[in-house]
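Trainee: I'd like to go through this one with you and ask where the labels come from. Can we put it up on the screen?

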Amino acid sequence: MMNPFVYDIPTKVYFGPGKLEHLGTELAALGKRVLLCYGGGSIKRSGLYDRVVAQIQGAGLELWELPGIDPNPRVTSVRQGAQLCKEHGIDVVLAVGGGSVLDCAKFAAAGACYDGDPWDFSTGAATPQRALPLVTVLTLAATGSEMDNGGVITNLETKEKLGRGYPCMQPKVSFLDPTETFTVSRYQTACGSADILSHLFEIYFVTGDESMYMLDCFKEGMIKTVMKYAPIALEQPDNYEARANLMWTSSWAINGFAGAMQRSGWSCHPMEHELSAFYDITHGLGLAILTPRWMRYILDEDTQGRFYQYGVNVFGLDPALPPREVAERSIDLTEQFLFQTLGLQSTLTDLGIDSENFEVMARKACGGKILPGFKHLTPQDVEHIFEMCL
């Protein structure tokens, strides 16, 4: 019997060019005082900042800002955002940027309604019961944060990068204009594409009772979409069809629909969070390095059926071949796509990372015990996967 599930995505999405003209109206419906969250200077260089501010001012709203949000967003920025909201009576939080900005804004919006440290939400020490309404304007296809209630926050002091999701942090409205991603660099486009694929792999490689034929077809179609359009976006950054397909796939890869029946935990993300926490590397790059090694490590008689399905349905491998051969070939092709087609660095050694912290990282990834997933992993298993990445 297939697992039952609840499906609910209460985010209104404006998709396509020109939709930003509705931003002022949507913000005004949620309040008068706006906190604008963003990262570096890219939204100013592209002109998006000016267009956003014009919408805010045109709607007669008051504006405060939280700039400088880093990749792998810091809890320090979350705390700063929550404090700004409290000090100025902010009504609505507006995040303009990629997943890091959106994640930070989510926790700041929740922290604004909480008397304690917002880091409590990341550790699970507290559960937010409410949050200020959040509106997002997306500039990078990668994390899917524009249509889910989750986020990942880094604490550099404790070397922790923790992901949590709470219903009150779901964005109310999100604006997705693929043209805003035309200026995303080749490197960030590749890392974002690897991130999308990892979200799909985490919900695709599950046991039989955690999926269904319809959802498998949907997930396989999204994987094929990334593999088709990411190379086009790399070579033609202003190709609207490529950017639009990547952006919409990013949203649907992790908004709860495709993985609705899943009960097993994720594997590569907890491992990568340790890499980012210790070395502050780009999330998508860490996932790319880990993914094929994790695949090879867990491939056995129990798991090869899923890899066989992946190889036949995604890569078009001959179904008459022995299942093990198809499974191994599918991993080879995944590795080839990540490192040759996307051009991402293939080892931790390339990033200047050695094995010094692997033992503690593996233990933390497993919570000291077991990392549950498609195939459960012990700290020793995780440490071995890290070593395979050198």
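Predicted model: local features only at pLDDT ≥ 70, side-chain atom pairs only at ≥ 80, totals over all residues.

Trainee: Let's start with helix 3. Which residues of helix 3 are buried?

Mentor: Helix 3 runs over residues 48-58, and its buried residues are Leu48, Tyr49, Val52, Val53 and Ile56.

Trainee: What puts them on the same side of helix 3?

Mentor: They cover an arc of only 130 degrees around the axis, so they share one side of the helix. In general, an α-helix has 3.6 residues a turn, so residues three or four places apart point the same way. On the other side of helix 3 you find Asp50, Gln57 and Gly58, which are exposed.

Trainee: And what covers the buried residues of helix 3?

Mentor: The cover includes helix 1 (23-28), helix 2 (42-45) and strands 2 (33-37), 3 (62-66), 4 (92-97) and 5 (134-138). Tyr49 has another neighbour to look at: lysine 44 lies over the face of tyrosine 49.

Trainee: How do you know that lysine 44 lies over that face?

Mentor: The distance to the ring centre is 4.8 Å, and the cut-off for NZ of Lys is within 6 Å, along with being within 35 degrees of the ring normal. Arginine 306 does likewise over tyrosine 204, at 4.4 Å from the ring centre.

Trainee: Now the rings. Why is the pair of phenylalanine 121 and tyrosine 166 called edge-to-face?

Mentor: Their centres are 6.4 Å apart, and a pair needs them within 6.5 Å. The planes stand at 65 degrees, and edge-to-face starts over 60. So the pair is edge-to-face.

Trainee: What makes you say that this pair ties together parts of the chain?

Mentor: Phenylalanine 121 sits in helix 6 (residues 119-123), while tyrosine 166 is in the loop between strand 7 (160-165) and strand 8 (173-176), so the pair ties together parts that are 45 residues apart in sequence. Both phenylalanine 121 and tyrosine 166 are buried.

Trainee: Why do tryptophan 252 and phenylalanine 257 get the edge-to-face label?

Mentor: Their ring centres are 5.7 Å apart and the planes are at 80 degrees, so the pair is edge-to-face. Phenylalanine 257 is partly exposed, though, with a relative accessible area of 22%; buried would need a value under 20%.

Trainee: How many aromatic pairs does the structure hold?

Mentor: There are 21. Ring pairs also link Phe201, Tyr204, Phe205, Trp294, Phe307, Tyr310, Phe315 and Phe374 into a cluster.

Trainee: What makes threonine 181 buried?

Mentor: Its relative accessible area is 3%, and the label needs a value under 20%. Threonine 181 lies in the loop between strand 8 and helix 7 (186-204). Leaving out residues up to four places away in sequence, threonine 181 touches Thr139, Leu140, Ala141, Arg243 and Met247.

Trainee: Last one, the cavities. What lines the largest cavity?

Mentor: The lining residues include Leu140, Ala141, Thr181, Ser193 and Arg243. The largest cavity has a volume of about 80 Å³, and the structure holds two cavities of 30 Å³ or more.

Trainee: Which element gives the most to the lining of the largest cavity?

Mentor: Helix 7 does, with four residues.

Definitions and conventions: Residues numbered from 1 in each chain as written. Heavy atoms only, no water. Buried < 20%, exposed > 50% of the residue type's maximum accessible area, 1.4 Å probe, protein only. Helix = DSSP H or I, 4+ residues; strand = E, 2+ residues; numbered from the N terminus. Arc of directions from axis to C-beta. Contact = heavy atoms within 4.5 Å. Phe/Tyr/Trp six-rings, centres within 6.5 Å; stacked < 30°, edge-to-face > 60°. 1 Å grid on protein atoms, 1.4 Å probe; cavity = no way out; pocket = protein on both sides within 12 Å on 5 of 7 lines; lining within 4 Å. Points joined across faces, edges and corners; volume = space filled by probe spheres on them.
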